[in-house]
Every structure is written in C-alpha cells, then in structure tokens.
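Here are my notes on this model, as numbered points. Please read them with the coordinates open.

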Amino acid sequence: MRFDDVYIGAAAVHVPGRIAVADAVADGLFDARLAGRTDLLSVAVSNGESPPEMAARAAVSALRRSGTAPQDIDLILHADVYYQGHDLWAPASYIQRVAVGNRCPAIEIRQLSNGGMAALELAACALTGGAGGESALLTTGDRFCAPGFDRWHSDPGTVYGDAGTALVLSRRPGFARLRSLATVSEPELEAMHRGHDPFGTAPFAVRRPMDLQATKRAFVDDVGISYSVARVGAGEAEALKRALSDADVELSDVDWFVLPHFGLRRLSRTYLRTWGIAPEVTTWPFGRTVGHLGAGDQFAGLAHLVDSGLARPGRLVLLTGVGAGFTWSSAVVEIEHAAPPTTDAPVTIAAPPTTEAPLTTDAPPTTDAPLTIAAPPPGPRVTPLVPYPRSDDIRPSRSDTAGGRPVVREQHRADVVIVGSGYGGAIAALRLAEAGVDAVLLERGRRWPVDGSGTTFATQAAPDGRAAWLSRTSPLTDAELDVYCGVLEFVPGDGMNLLAGAGVGGASLASNGTMCLPSEELFAHTLGDVLDYREMVERWYPEARELIGCAPIPDDVYESPFYRSARSFADQLDRAGIPWSKVDLAVDWDAVREEMTGARVRSHVDGLNVFGVNSGAQLSLDRTLLARAEASGRLDVRPLSTVTAVRAADGDGYHIDYDRIDERGDVLGRHRVTTPRLVLAAGTLGTNRILLRARATGALPGLDAAVGSRVGNSEVITARTGMAENNPRQGGPCAIIAQDAKEDPARPVSLLNFPWPEAPEGEGWITTIGSVPAPALGVFRYDRAHDDIVLHWPVDDPAFAGARAAITRTLDRLDEANPGSRTAFSRIGTTGGNVLGGVPLGTVTDDAGRVTGHRGLYVIDGSLLPGTGVPPALTVAAVAARAASYLVRDITGAGAG
C-alpha cells in the first residue's frame with residue numbers, strides 16, 4: 001500500500017542491560033557452537049523490568065522526541081511476542097496509563113515477531129481511513145525468560161533479547177515519511193511453530209521451555225524441506241516486491257536495511273545473500289549487540305540509525321519483518337530531515353514491585369521530567385543500574401578473581417589500535433573504516449548517549465560526579481562530588497592546571513565546538529616551518545569543516561531574546577572599531593531552536609553546557625564521525641579502557657596494556673592488545689602521559705628528547721560589567737568572535753562571548769573566552785614517584801608580557817568606547833582547557849605524525865601543535881585529516897601524498 005501523508009515523528013528503544021555472549025558461554029548458559037553461528041557480541045537482558053514497563057520507557061522517549069503531546073495521541077497499539085507479566089490483563093492499557101494518560105483506543109497486537117510491522121500498517125491505515133485521527137503511538141515490549149523460554153536455545157540460530165521500543169506515527173510532518181508498506185500472509189506455514197504438539201490447556205503445558213527447533217523439524221518431516229523453503233522465500237519476496245513497487249523505487253535505491261536481529265548465519269541465508277546486500281548497509285552492527293527483540297527489531301533499528309547519525313535527509317530505509325503464522329512485511333521510509341537522536345539510554349523508570357503499584361507521576365509526561373518507579377532487584381551478570389544515565393558499554397568477556405574482585409586477563413591482536421576518541425582519533429577511525437581497515441579504539445571514558453530525559457550530563461546548576469574524572473573536586477564547581485568517570489579531568493600543574501576531556505567523543509562532548517581559522521601569520525608562527533598554509537587552507541581546513549559539520553548561528557536564533565548579550569557585545573565592538581563575525585560552531589541549530597521553544601531541555605541557550613549538552617544540540621563526535629565509523633562494522637570502540645603502558649613488541653609492532661574499568665574507576669580486567677600500527681590520539685595530556693612514561697621506563701627506547709616540550713596555552717577568560725542589563729545568563733555556546741589585531745598584528749586577540757548562568761540578577765555583563773598568541777614555553781616532565789606527568793609552566797617569564805599587554809589593550813579599547821563599562825576580570829594561562837603540544841610536529845614526528853624511529857607509531861591529536869593563537873579545534877581536526885590520509889596510504893597504498 002502506498003502512503004502519501006503519513007510520517008514518523010520519532011522512534012525510540014529502551015535496552016535495560018546487556019550480557020556479553022562470551023560470558024554466557026563461559027557460564028554454561030549458551031552452547032559455544034551455537035554462539036559461533038550467531039556471531040553476536042552481547043544480548044539485551046532485563047534485570048527485573050517487565051515488557052510493558054520497558055515499552056513505557058520507550059514511549060515516553062518517543063513522545064518527547066516527536067514533540068507530540070499525550071492528548072494528541074488518537075490510537076495506541078502495543079505488539080508483543082511473549083508473556084507480559086500478568087494473566088488476563090491488558091498491557092496496552094498499562095502503557096496508556098503510565099506513558100500517555102488519555103482515553104483513546106489502546107489495543108494489543110499479537111503477530112509475533114512481525115507485530116511491530118503489523119502495528120505500523122494498522123496505524124497507517126487507521127490514520128488515513130477517514131476516522132479523523134492524527135497521531136498514533138506504537139510500542140513493543142518483550143522479556144524472554146524461564147521457565148517458558150530459553151533465550152539461548154529455544155530457537156537455535158537466533159538469540160532473544162529484552163527491550164521496549166516505540167514509534168510515533170502521524171499525519172503531521174515528521175523526520176521521515178512512510179512511503180509504502182506491504183504485508184503477505186501464508187497460513188499454510190502456521191504449523192511450523194506448532195509441530196505435532198497437542199493443544200494445551202495452559203501456557204507451556206506441552207513444552208517447558210519452548211523448543212521451536214522440535215516443532216519446525218516435525219513440520220518439515222510432514223511437508224518436506226523444499227516446500228518449506230519455497231513458501232518462506234515466496235512470501236518474503238512478494239512483500240519486498242510490493243513495497244518497492246508501491247514506493248516507486250528499486251532495491252538498489254535503498255540506502256539502509258533494517259532487518260530482523262537474527263544470528264549472522266540465519267541473517268545471511270535469509271536476507272544478505274538473497275538480496276545481495278552487505279552487512280555494512282544494515283542494522284546488523286547494532287542487532288548483534290542486543291539480539292532479537294521480539295516484535296521490536298524494526299523500531300529499534302530505525303532508532304539506532306537516527307542515534308548514529310545515519311538517518312540523513314534523502315536516504316531511503318527499508319524496514320522488513322517476519323513473524324510465525326506466517327506473515328512478512330516490508331516498508332519503505334524516506335528520511336526528510338535530521339531527527340533528534342534516540343538511544344537506549346533509559347528514561348528514568350524502573351521495575352515496580354510485584355503488585356501494580358502506580359507510577360509516582362502527577363500528570364502525563366509532557367516535559368522532560370522523568371518518570372520514576374522503584375528500582376529493580378539486582379541480578380547476576382547483567383549490566384547494573386547506576387544513579388546516572390547509563391552508557392551502553394558491554395561487560396568484559398571472561399573473568400577470574402584477583403584481590404577479591406573479578407579481573408579479566410586477555411590478550412589479542414588488532415590491525416590498528418587507536419588510543420583516544422577526540423578529533424584526531426575520530427577522524428583517523430573514520431578514514432580507516434572508509435578504507436576497509438579494521439581498528440580497535442580504546443577510550444578511557446564512558447559513552448554518553450543523549451536521550452529525551454535531558455539528564456545525561458551534570459550541569460553547573462546541579463553538579464555531581466559526572467562533572468569530573470574520578471575526583472571529588474573540580475575547579476569548575478565548589479561542590480563536593482562523588483567519584484565517577486565524568487567528562488573532565490582536572491590535573492594540577494606547576495604554574496598552570498589542565499582540563500582534559502574523557503568519554504567517547506573526547507573534548508567534543510564538553511566544549512563549545514568553536515571552529516576558527518588562524519591567519520597566515522599565526523599559522524606561520526606555530527606550524528609554518530612544517531606545513532604549507534596554502535595546502536591546509538585549500539584542502540585540509542575545508543575537509544575538517546565538512547567532517548565536523550560546523551555552521552554559524554542562524555539569524556533567527558541570533559535575533560532571539562536568548563542571545564541579547566551577544567548582540568550587546570557586537571554593539572560594543574562596533575563602537576570600539578573592533579572587527580567581529582559569527583563563528584562556526586559544531587552545533588545542531590535546529591536542536592537549539594527546539595531548546596528555545598521548550599521542545600528540548602534548555603542547555604546551550606541557558607549556558608548549561610560546561611559538562612555536556614543535555615539537549616543533544618552539540619554535534620559531538622560520538623554522534624557523528626565515530627557513529628559513522630562504527631556503523632561500517634570496521635571499528636571496535638572499547639569505552640572505559642585506560643591505557644597503562646605501551647611498549648615495543650619483539651620485531652615490529654607494539655603491545656598496549658590497558659585496564660577495563662567500571663564507571664567508578666574500579667578495575668574489572670587487565671588486557672593486552674598487540675598491533676603493527678598504533679595511533680596515539682589521547683589528547684595533549686593522554687598522549688604525553690603515554691610517551692613520557694614509555695621513555696622513562698625504556699618501553700619505547702630512542703624517543704626524541706623533545707617529547708614533552710613546546711607546550712602552549714593561549715586561552716584567555718575575561719569579564720566586563722557596567723553596561724545596561726543584557727541577559728548575560730543566556731545565549732550559548734559562543735555566537736560571535738571578535739578579532740583585534742590593530743595595535744599588535746603579531747598578537748591578535750580573539751574573544752568569544754559566552755553566557756554566565758550565575759551572573760548577578762539585573763546587571764549587564766559580557767563574559768568571553770578566547771585566545772592570544774603566547775610562547776610555547778611549557779614542559780611536561782615524568783614524575784616517577786607518582787607514575788604521572790606534571791606540566792611546568794613559567795608563569796612569570798617575561799616572554800608572556802606581550803600577550804598580557806595585548807589583551808589589556810583590547811579590553812581598554814572596549815571600556816573606553818563604552819562609557820560606564822569596566823573590566824572586572826582577565827586571566828590568561830592559569831587553567832588550560834586548550835593546552836597543546838608536547839609532541840612537536842616535525843621534531844618528534846615527521847610532518848604526517850609518524851613518530852621518528854618507531855615504525856608504525858603515529859600521533860594524531862593536539863599534542864602535535866605548540867599552539868594556534870586562536871581556539872584550536874579546527875586546526876587540530878585539519879592536521880588530523882591530513883595525517884590520517886597518510887596513515888591510510890601507509891596501510892593501503894591509497895591516500896594523500
């Protein structure tokens with residue numbers, strides 16, 4: 001059936017936790033031979049949440065993402081496969097009560113694994129059939145557990161996972177349009193899941209647990225294998241043919257395939273080989289981490305494409321499903337515009353007690369306030385719940401015991417190992433994946449998936465352990481914190497302290513994402529003896545901009561009340577004759593617009609972005625470049641993996657020792673990976689730590705003596721007041737940049753306005769963060785007693801006087817041109833979030849980041865640069881893009897020369 005005006009507003013998935021398949025095999029839960037056939041990595045397993053509760057979580061997230069008010073839902077359809085938690089009970093009504101709260105029809109769909117697709121078709125027909133409805137909420141939820149079902153063996157070749165999913169379908173435009181959907185039925189195959197078993201009088205009265213292999217074998221014995229295969233193939237082909245025809249597209253036009261989450265052997269036989277498609281254009285990389293989610297594979301797969309940044313405007317997505325009975329469905333969906341990302345990070349709702357205690361909510365969830373119920377009881381080997389929104393990291397694969405705690409000891413090899421996931425690591429990972437090279441990426445921090453709850457990160461208003469890396473303190477808050485693997489590490493130094501990002505995506509998680517091009521003079525001062533400015537400007541800076549996806553603030557956002565302080569700053573700059581412009585930012589401005597309307601939690605516009613952006617408006621690397629690399633199937637990201645040592649292997653290559661930790665910093669396992677090519681992209685702090693430790697211990701003999709030298713920091717923070725009230729508490733991240741080179745062209749001052757959420761009420765303030773060129777006189781030294789490095793910064797060196805004078809002149813010009821204003825604060829080079837250098841490009845490495853004297857060892861991050869004189873992110877990315885092209889050429893023979 002063809003549809004012209006039916007849209008998808010949002011898709012969401014709630015995954016309660018995961019068990020590593022290797023753990024299940026080690027514990028005797030899963031047959032090793034069957035595990036090898038499925039090629040799964042992990043399986044979603046509920047730790048107590050029932051299917052309707054998981055579906056309700058997903059429903060809340062989908063409603064928030066779509067911007068659909070609960071009262072606007074005209075139909076609720078809940079599809080399921082297995083037991084829903086109560087007898088003679090209506091799970092659809094439960095979901096309606098806790099997630100919606102209205103009185104529209106709420107109906108349960110029982111079409112087994114094709115139930116989600118059946119609900120999609122029924123809802124689309126209902127919305128277009130003249131009944132007057134505008135929006136429908138579709139959910140699925142299943143928990144496959146004993147005594148009736150053995151998730152590992154009841155259906156050999158497919159492992160069943162637990163999850164809730166949701167999708168909002170509407171006549172109003174959404175991020176995607178449903179172009180067609182076709183379903184084919186073949187009742188002659190219903191006995192395939194019945195076999196010779198008699199009809200029972202109660203659930204599981206005949207078989208406990210279920211054994212679908214036995215029923216299928218009995219059916220095939222009766223009708224023959226050829227009949228079975230032919231009828232199954234015919235039904236699948238007919239549904240596909242009709243869906244493509246109704247949408248006026250060919251199979252070759254489809255960009256992404258959302259397939260059932262079968263094991264790889266069954267998936268290949270049923271779809272990949274039959275349709276001639278590769279796993280890389282399917283949702284297999286996601287499906288192999290959760291297993292078959294009953295009726296929910298299609299909604300979960302679509303949510304994954306959105307969360308990964310793969311559901312881009314103009315792309316065609318084919319959803320396909322199959323359910324016992326038999327029915328087959330295929331749907332063609334066209335992505336019309338970028339959708340808000342959805343992840344399996346949970347809405348704050350957990351399992352209730354054994355009775356139907358009501359949710360502690362006063363009203364249907366129409367805002368980002370989370371639903372709350374009592375936490376589920378603990379269970380063995382399932383990823384545990386923590387007070388913060390979970391990352392989706394998988395527990396280690398095999399453990400023994402040391403010191404009373406399970407500790408993994410594991411050795412393996414990899415073609416390429418990347419340490420760090422900031423701009424350098426992410427760009428290298430993507431380019432390697434695009435070249436068909438497999439890589440392992442080790443990141444010390446956790447994943448930070450952003451969902452509709454708006455609670456992924458801590459904020460300045462409510463700081464907690466998520467704000468700091470394994471520390472009770474942070475210079476950015478006076479609060480005492482709980483120890484947690486937060487987003488920013490604070491490292492005291494001698495003369496200067498450092499801040500370093502931690503998490504999948506590195507500093508892009510908690511930075512302003514400011515992308516500034518240095519002038520030719522500044523570039524020549526820092527990198528001109530190594531790199532050609534014309535080459536960088538003509539090729540690598542544009543490539544970096546395209547990769548990051550940066551853009552300046554749109555006029556409508558800039559002119560809004562939220563950005564009054566930015567406009568005030570621009571007026572003051574004009575009066576002082578200081579040039580300014582709108583700066584490129586790694587920001588999703590559509591998401592900022594939704595912050596302004598209240599459709600998303602206010603983050604950027606309220607300046608609550610120091611520890612991460614809860615609205616999802618930040619184009620952080622975990623959602624962009626890394627998501628693309630992971631979707632290729634070529635990149636294995638290992639979060640919460642802290643590198644402890646790097647040493648040369650016998651012959652060629654390197655051993656990398658790393659600890660796998662939990663989110664409180666406790667060591668779960670100690671691993672070693674060996675690789676012929678190692679890319680250090682751990683940022684200035686992390687890369688210098690690794691190299692200086694290796695040099696001090698002799699693990700990498702012959703490292704250049706310049707390692708640790710030429711460390712620079714050009715960061716400036718200022719505050720001015722005395723002007724009329726200008727809403728200084730709002731308007732982030734940075735909207736405009738001033739660049740003052742009038743008095744001293746060699747030391748241009750760059751200032752970016754940013755909001756101050758704690759600004760005094762009723763006063764006018766202009767707060768800025770920026771840069772001024774300063775000599776790179778800092779040095780990292782290894783402290784053997786603490787097995788760490790310390791930054792030594794000669795804060796009183798006369799060489800810094802010129803930089804201080806330059807910033808003072810600019811501030812004086814602003815104050816003089818704007819009577820009544822005054823400088824309240826100006827600081828340069830005491831706490832650095834933009835500290836660069838320690839591994840000078842062209843000295844410790846060649847111009848492509850290859851470490852001199854160490855074949856196969858690369859550095860691709862900000863430690864290569866002694867400074868840029870402007871906010872450095874764009875230059876770091878451009879140099880990384882250039883170095884990554886040489887890395888690819890070294891491995892494949894193709895790339896930039």
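1. Strand β29 (residues 749–753) and strand β30 (residues 764–771) are paired antiparallel, through four bridges. Within that pair, Leu751 sits opposite Gly770 of β30. Keep in mind throughout that this is a predicted model.

2. Now the sheet around that pair. Six strands make up an open sheet, ordered β19-β28-β29-β30-β27-β33, with antiparallel pairing. The edges are β19 (580–582) and β33 (822–828); each has a single partner strand, so one side of each lacks a neighbour in the sheet. From one strand to the next, the twist averages 25 degrees.

3. Two helices pack on this sheet. Helix α15 (residues 564–576) touches β19, β27 (715–723), β28 (736–740), β29 and β30. The direction of α15 makes about 20 degrees with that of β28. Helix α19 (residues 801–817) touches β27, β28, β29 and β33. Here the reference strand is β33, and the angle between its direction and that of α19 is about 160 degrees.

4. Strand β9 runs parallel to β10 (residues 316–323), and three bridges join them. Val258 stands opposite Leu319 in β10.

5. The largest nonpolar core has 136 residues. Those with the most contacts inside it are Val417, Ile418, Tyr563, Val592, Ile656, Leu678 and Leu691. Helix α20 (residues 873–892) supplies the largest share of this core, with twelve residues. Another core lies apart from it and has 53 residues, including Leu75, Leu178, Leu212 and Leu293.

6. Which residues does Val417 touch, not counting residues up to four places away in sequence? They are Val440, Leu442, Ile656, Val673, Thr675, Arg677, Leu678 and Val679.

7. Leu678 lies in strand β25 (residues 677–680). Is Leu678 buried or exposed? Its relative accessibility is 0%, so Leu678 counts as buried. Leaving aside neighbours within four places in sequence, Leu678 contacts Val417, Val419, Val646, Tyr654, Ile656, Gly856, Leu857 and Tyr858.

8. Finally, a helix pair. Two packed helices are described by the angle between their axes and the distance between the axes. For helix α11 (residues 423–434) and α20, the axes come within 8 Å and cross at roughly 35 degrees. The crossing of α11 past α20 is right-handed.

9. The residues at that crossing can be listed. On the α11 side, the contact is made by Tyr423, Gly424, Ile427, Ala428, Arg431 and Leu432. On the α20 side, it is made by Ala873, Val876, Ala877, Ala880, Ala881, Ala884, Leu887, Val888 and Ile891. By class, the contact of α11 with α20 has 13 nonpolar, one polar and one charged residues.

Terms used
Residues are numbered from 1 along each chain as its sequence is written. This is a predicted model: local features need pLDDT of at least 70, side-chain atom pairs count only at pLDDT 80 or more; totals for chains, interfaces and linings use all residues. Side-chain values use heavy atoms; hydrogens and water are left out. Two strands pair if DSSP finds at least two bridges between them. A nonpolar core is a set of buried Ala, Val, Leu, Ile, Met, Phe, Trp, Tyr and Cys residues joined through side-chain atoms within 4.5 Å. Buried means under 20% relative accessible area, exposed over 50%, partly exposed in between (1.4 Å probe, protein chains only). Contact means heavy atoms within 4.5 Å. Axes are lines fitted to C-alpha atoms, for helices over the stretch in contact, and angles run from 0 to 180 degrees between N-to-C directions. A crossing is left-handed if the near helix is turned anticlockwise from the far one by less than a right angle, and right-handed if clockwise. Ala, Val, Leu, Ile, Met, Phe, Trp, Tyr, Cys and Pro count as nonpolar, Asp, Glu, Lys and Arg as charged, and the others, Gly among them, as polar.
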